[in-house]
Amino acid sequence: MNDRLYHDTLMEAARQATGHGRLAKPDASATVDNPLCGDRVTIDLRCEAGRIAEIAHDVRGCILCRASASVLAREAVGLDRTEAAAKRAGMEALLSDGALPATPAFEPFRPVAPYRSRHDCVLLPFRALERALGDVG
């Protein structure tokens, strides 16, 4: 295992699995797959007045995907669709350009940047969230 990539902060985020599970009666759900590695993420949302009131995720995937879903679950409550898209854009910029993250919780993913094949693992929960938000009225 690459210790630089799989450092303690990411491992702890994956272990905490904040938001892990499914919501009983979600307002929206979305499942996305990464066909290259087999990761799969399902996001459930409960929304109030256009904002995420509750989020849960079910991840079948690698440490990076699980850590990303856990961090996203901590950061997503209270966001509307536009703000969630901005979070995704921030993570994409961190991974592709090494941009300083506007969300400090994303900083532990900086060592993933040189590993382009792993970017999709980190971004998969964000894509599921975006798709689920697309189903919210």
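**Cysteines, helix packing and loop residues in a predicted model**

Cys47 counts as buried, at 15% relative accessibility, where buried means under 20% relative accessible area, exposed over 50% and partly exposed in between, for a 1.4 Å probe and protein chains only. The structure holds zero disulfides, a disulfide being taken as a pair of cysteine sulfur atoms within 2.5 Å. Cys121 is accordingly in no disulfide, and the nearest cysteine sulfur, that of Cys62, is 3.8 Å away. Cys121 is itself buried, with a relative accessible area of 2%.

The model is predicted, so that local features need pLDDT of at least 70 and side-chain atom pairs count only at pLDDT 80 or more, whereas totals for chains, interfaces and linings use all residues. Residues are numbered from 1 along each chain as its sequence is written, and side-chain values use heavy atoms, with hydrogens and water left out.

A further cysteine, Cys65, is found in helix α2; helices (H or I, at least four residues) and strands (E, at least two) are DSSP runs, numbered from the N terminus. Cys65 counts as buried, at 0% relative accessibility. When residues up to four places away in sequence are not counted, Cys65 touches Asp39, Val41, Val59, Cys121, Leu124 and Pro125, contact meaning heavy atoms within 4.5 Å. The C-alpha atom of Cys65 is separated by 14 Å from that of Arg116, a residue 51 residues apart from Cys65 along the chain.

Helix α3, which comprises residues 81-97, has 17 residues and reaches 24 Å from its first C-alpha to its last, close to the 24 Å expected at 1.5 Å a residue; the expected span of a helix is 1.5 Å times one less than its number of residues. The buried residues in α3 are Ala84, Lys87, Arg88, Met91, Leu94 and Leu95. They cover an arc of only 120° around the axis, which puts them on the same side of α3, the arc being that of the directions from the helix axis to the C-beta atoms. An α-helix has 3.6 residues a turn, so residues three or four places apart point the same way. The exposed residues Thr82 and Asp97 are carried on the face of α3 turned away from its buried side, while what covers the buried residues of this helix includes α2 (63-76) and α4 (119-134).

The two ends of α3 can be described in turn. At the N-terminal end, Asp80 caps α3 through a side-chain oxygen that lies 3.1 Å from the backbone nitrogen of Thr82; a polar contact is a pair of N or O atoms within 3.5 Å, of which, within protein, one must be able to donate a hydrogen and the other to accept it, and residues adjacent in sequence count only if both atoms are side-chain atoms. After α3 comes Gly98, whose phi is positive, near 70°.

The 16 residues of α4 should span 22 Å at 1.5 Å a residue, and the end C-alpha atoms of this helix are 22 Å apart, which agrees. A bend of about 30° occurs in α4 at Pro125, the bend at a residue being the angle between axes fitted to the seven residues ending there and the seven starting there. Among the buried residues of α4 are His119, Cys121, Val122, Leu123, Leu124, Pro125 and Phe126, and the buried residues of this helix pack against β1 (28-33), β2 (40-48), β3 (51-60), α2 and α3. His119, in helix α4, counts as buried at 9% relative accessibility. The side chain of His119 reaches the backbone oxygen of Ala113 at 2.9 Å; leaving aside neighbours within four places in sequence, His119 is in contact with Leu95, Ser96, Val112 and Ala113.

In strand β3, Ala56 counts as buried at 4% relative accessibility. Residues touched by Ala56, not counting those up to four places away in sequence, are Gly19, Gly21, Arg22, Leu23, Thr42, Ile43 and Asp44.

Two alanines in loops have positive phi. Ala17, in the loop between α1 (8-16) and β1, has a phi near 50°, a positive value in a residue other than glycine, and is partly exposed, with a relative accessible area of 23%. Ala49, in the loop between β2 and β3, has a positive phi of about 50° although it is not a glycine, and is exposed, with a relative accessible area of 85%.
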